[in-house]
Amino acid sequence: MNVRKPPVLPDERPGIRDTVTAVSRRGRTIAVVEAATWGAAASALSPALGVFVAVAVAVWRWRATRRPAIVRALERAQPSARNVFVTADELERDALTVKPAVRTRVLADAAAIARSVTPGDLFPAAPIVRAVVAGLFAWTLATTVLWWRTVRDHDVPPSAQSASAGGGSGPSSLHVRVAVQPPPYTQLPATTQVDPEQLQAVEGATALLTIESAARNITLEQDGQPRTLDRTGGAFTGRVELTRTGYLLIAAGGERRMMPVVVAPDALPNVRIAAPGRDLVYPGGNPRIAFEARATDDFGLRSLALRYTIVSGSGEQFDFKDGEIPLAMAPRDPRDWSGTASRALADFGLKEGDMLVYRAVAADARPGGGTASSDAFFIEISRLGVAAADGFTLPDEETRYALSQQMLIVKTERLHQRRNQMPRDELTEAALGLAVEQRMIRAEFVFMLGGEVEDEEVEAEQSSELQAGRLENRGQRDVRAATIAMSRAEKALTGADTAAALVAERAAVAALQRAFSRERYLLRALASRTRLDPARRLTGDLSEASDWRRTLAPLPADRRTALLQDLLRGIAELTITGDVPATFSQRARVLAEEAIRIDPAAPQLREAATAIQRAAADAADSARRQAALGQAAAAAAAEARRSFAAPPTAMRPLAPALGGAFADALNARTGGGSR
Amino acid sequence: MTASTAAFATTALRGIAVAIAIAALIDPVVETSGRGRPRLAVVALQASLAAERVRAQLVNALGDTHEIVPHITSDAAAAIVIGDRYPDEPVPAHLLVATVTTADPAPRARLVRLEAPREIPAGTAIRVDADIEVLDAGTATDLTVSIDGLEVVRLSHRFTSEHERWHAAMDVVPVGAPPWVVRAAVAPSGEPGSEGSSVAHAVVALRRDPLAVQVFELRPSWATAFVRRALESDPRFRVESVSIASRGVEARTAGSVALADVRLDTFDTVVVGGLEQLSAADVRALDRFMRDRGGAVVLVPDARVDSTPARGLMSLQVTERLLERPEKLTTKLGAAALDASELLLLRAPAPGVDGDVVATAVDGSPVILSLPRGRGRLFVSGALDAWRYRASDDRAFDRFWRGAIAALALAAAPPIEVAIAPPMLRPLERGEVFVQLRADAGAALTASVDGEPIRLWPEPEAGAYRGVFTAPKSPGRMPLEVKVTGNRPHGVARDLVVQERVDALAGSGAPLSLIASSHRGIDVTPERLDELERFVRATVTAPDVAGVRRPMRSTWWLLPFCASLCAEWCVRRRLGRR
């Protein structure tokens, strides 16, 4: 059926061009937006991929916005046009030569049909919607994959995890919040730390651990004692008592976190008697004695008391009676207390020969009480006075030496009186004889006492010859003073200076009497191992004396040194390893645990362990990991240096045979010997 | 061509061919004389860019007048050696040699000395001594020591004057498996990039056998007893002891031997106390132990020594000094400081035999001496009552005696002493092994490196042998074994360290210029090659060459011979002749 076409006006010719332009503009806008959206979706995987996808989509879509493509699209959109758009396009491009009337007619038809076509028909917005949906899906997937991958990892058996875990070099999903509550008596505030490298606390503090992890189970190991933590709400919690320096090791699935724990002990109170602060001897009467005791503590005191013991009796019959003198307390602050008291001597009911031993005792505020006492002093009733009281109960051996020293004084006094009448040579010879005598007395003392000992406990562990229990006290210092005075006397006698020798000799006697006085002997701690029985000396049967075989006890293996060597070797291997970050991190964490297990109380090892763990966390950053390993190496080497034996003395090497031969030749020419 | 002309040409061509044939048969000799091109060896010792550049410049400058060869040949007129150190290979004594020293510019800080013990017992720190020198005042340097790739010590020092030298002593812990390669590097502070500006290596081996010590307490003596206890509590020592408690009563360990027993030679060190009990026979035994065995004898008196035999053994002038209070002795050689109040001041009877002064009193008088005695040592302690203060200063008494006796035991001659020079080798580098037998009683000696036998040659000194070997081509640690067969077979194994980079101390070894001095040449730097060129042109003249030539032996004569005959044949054919 023929349909009359609408009339076409000459001024409608440009209509198709406008239509094409409008459609092209929309198409290009759609292309740009769609390309950007697809690029954003692809960038969820990789930003570079996003750029590539955006450019690709833009180029692909851009091709459809060119004029020939739009003309073909118009034809497809209006099948009834029957190729009129293509013909109009060719006419406009002068690709087709026709009569003007035909040209006018074709253009008019094309313009008329084009008016019924909208740009949205050719370039709908649906591709943009699809791209937006895809982008949203991709980004949702990317942001949630880390979470459900972690969940999936923890669903696999632990054995499978250990092969692939190790913390890796990525961000850790294990976070630890530690709230440290010091003991209440310290009145210190609680502290909270997140992912601490090291914990520091006062002895007796409590640490509450809150661990955030996606793992199903978490194991907390404290100083080698593991336990499993329970999940409370969204996190695992655990409470540990911090009583000694050690470590905490948290194992959550494949991740491990080690924390050295440094516990500062609560020191015992420091107690002293400020007054009288010395030994007192009274011949009788009823003097009034003022006592003052002071005590300090690092966190706080709970009590301070003045306690005494009255010793009465003689010989083997002694009675002991304990008591306490109430103090008038005047605390300056909770950590510094002082107390005073005043008593008349008669208040104690002391008789002739009795002795009162007193000391101050303080306890700090810790539960159970950390108790310390001051030096003990005595008050004695003795009509003979101070001088007569000394020395009369000395054991036989010591008395003999003291008397020998006294005899030497007598001899020296005699020589000193005769010195002006004696020839110089005779005086010198006599003085030298006394010097030899003095030296023998001193040697007997030194030999009997086993030398001057600084650390008696250490010595007692190694020396069975020494009398056990001679703790360092004032008596010990008196013995040293006596031997020093004897040396001074010997030197003076060698120079025939009898006056100076007398002074030194008397000082030696005074020191000996102080050292072995009855009071000091009673106050000395009794031997816990062997007690010498002087009565048995020189009473054995000589015929029973025979050779014997010494058998040395095998030395214990030096495990600590071996472990430190292994630690250093491990750090060296980590320093040069070419492992991937995940493997490196796993090895480093194992080494960090080894370091802290060697000796958690050693600060250098704690530092080494912390540094190695830091290297594990920075496994992907080569510079930071090497710096951390260097720090660990320095700390471990410093600790190992203390365990290793000192290097041998650096002797000069000998020229083989020549050095000795040269010395022999020179010796043969000049001779040698003592002078 | 006319017939006459053709006939003449034919005759002439034939004559030429015949003449050539006759001359060839005669083979005449022609003597020539003149000047030839001198052969000049231009040798680059190290394959470096700088050396190759210098060599190229010399070839360009002298190649027109000299015949340049890359190696020293027997007919070379002279040689130019380019490098930074004296060559390993020998140079003919008659050869004129000039040198071009291409040493790197002197670093601002350099290591000039690095010393470490040759071996240490297990569980012992390594004492490393290093000397560093700088060019400029105010330079701050970092000295790092690493073992097995791990930095174990880092020290910093600021120098205050030019060419100042700083001595650094460090105790480092060994890392990894022995032998330990100690690497010391010095660089200006804050210049991590120049970390390798001066690097040196040292090798420290592990002493596997315990340090064997025999203690003789000829009477009860605290001084000796506490020395013995210090050693017995250290697992590095194997201590045997004989303690004479009274006449005919003694306590001894299972492995102890008498002084006169030849098995005493199995010990490295003998400690003797109660010196006044020493008999003349005892002194002779101790003297033999030092001189023949090469061992060390330690005398620990606790009183003035008055007995004649003991004084004879000491051979020292002794003065007793008693102090009111103990004084801290000034120790040297890295020994721990002792306290003592009763001193024997020791003085050698003549200068030159002082040995090592290990400790002195406050006024500098020697108190503890180590003296050479034959191949061994005599160590005398005049700190009579140091044992009384053994607990002070973190048990310095124990540390002193352990360190001193360990050093003495390590210095005692082992049954087989093996030394390798250099201690570290590069792949395929030539090394030498020195073997010293303590007792050379005609024993058969074998040695091998990595299974390859080494031929050992006897040296002039009795019991000394020397061998040369080549390091394997691959880096690593190779076993070097020396075995003695005979009545008492025994052997020693060492690990040989071969690695690609072996840094020598700055300034160590002979300089390259030395070879120029000894071979009539000059030494120049790469900037003064024109001076070298003038020297070579003036000194290395072209030799007079008296030549003998046989011109007819040249194959080129075949060409005119054949040409003449061919031309003659052509002419004849054109004339229609046959």
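Reader: Which cysteine sulfur is closest to the sulfur of B:Cys570?

Author: The closest one belongs to B:Cys566, 6.7 Å away, which is too far for a bond; a disulfide needs two cysteine sulfur atoms within 2.5 Å. This is a predicted model, in which local features need pLDDT of at least 70 and side-chain atom pairs pLDDT 80 or more, while totals for chains, interfaces and linings use all residues. Residues are numbered from 1 along each chain as written, chains are lettered from A and ligands numbered from 1 in written order, and side-chain values use heavy atoms, without hydrogens and water.

Reader: How many disulfides are there over all chains?

Author: The count over all chains is zero. B:Cys562, for instance, is in no disulfide, and its nearest cysteine sulfur, in B:Cys566, lies 6.3 Å away.

Reader: And how exposed is B:Cys562?

Author: B:Cys562 has a relative accessible area of 40%, which makes it partly exposed. On this scale, buried is under 20%, exposed over 50% and partly exposed in between, using a 1.4 Å probe and protein chains only. B:Cys570 is also partly exposed, at 38%.

Reader: What is the length of helix 9 of chain B?

Author: Helix 9 of chain B covers residues 558-574, 17 residues in total. Helices here are DSSP runs (H or I, at least four residues), as are strands (E, at least two), numbered from the N terminus. From first C-alpha to last, the helix reaches 24 Å, close to the 24 Å expected, where the expected span is 1.5 Å times one less than the number of residues.

Reader: Which of its residues are buried?

Author: In helix 9 of chain B, the buried residues are B:Ser564, B:Glu568, B:Val571 and B:Arg572. They cover an arc of only 95° around the axis, so they lie on the same side of the helix; the arc is taken from the directions from the helix axis to the C-beta atoms.

Reader: What do those buried residues pack against?

Author: They pack against helix 1 (3-26) of chain B, where contact means heavy atoms within 4.5 Å. The face of helix 9 turned away from the buried side carries the exposed residues B:Leu558, B:Leu559 and B:Arg574.

Reader: What about B:Asp27, where is that?

Author: B:Asp27 sits in the loop between helix 1 and strand 1 (30-35) of chain B. Its phi is near 55°, a positive value in a residue other than glycine. At 15% relative accessibility, B:Asp27 counts as buried.

Reader: New topic: how many aromatic pairs are there over all chains?

Author: There are ten aromatic pairs over all chains. Rings of Phe, Tyr and Trp (its six-membered ring) pair if their centres lie within 6.5 Å, and planes under 30 degrees apart are stacked, over 60 edge-to-face and the rest tilted. One of the pairs is A:Tyr358 with A:Phe377, which is tilted, at 6.1 Å centre to centre and 35° between the planes.

Reader: Which strands do those two lie in?

Author: A:Tyr358 is in strand 17 (residues 355-364) and A:Phe377 in strand 19 (residues 377-381) of chain A, so the pair ties together parts 19 residues apart in sequence.
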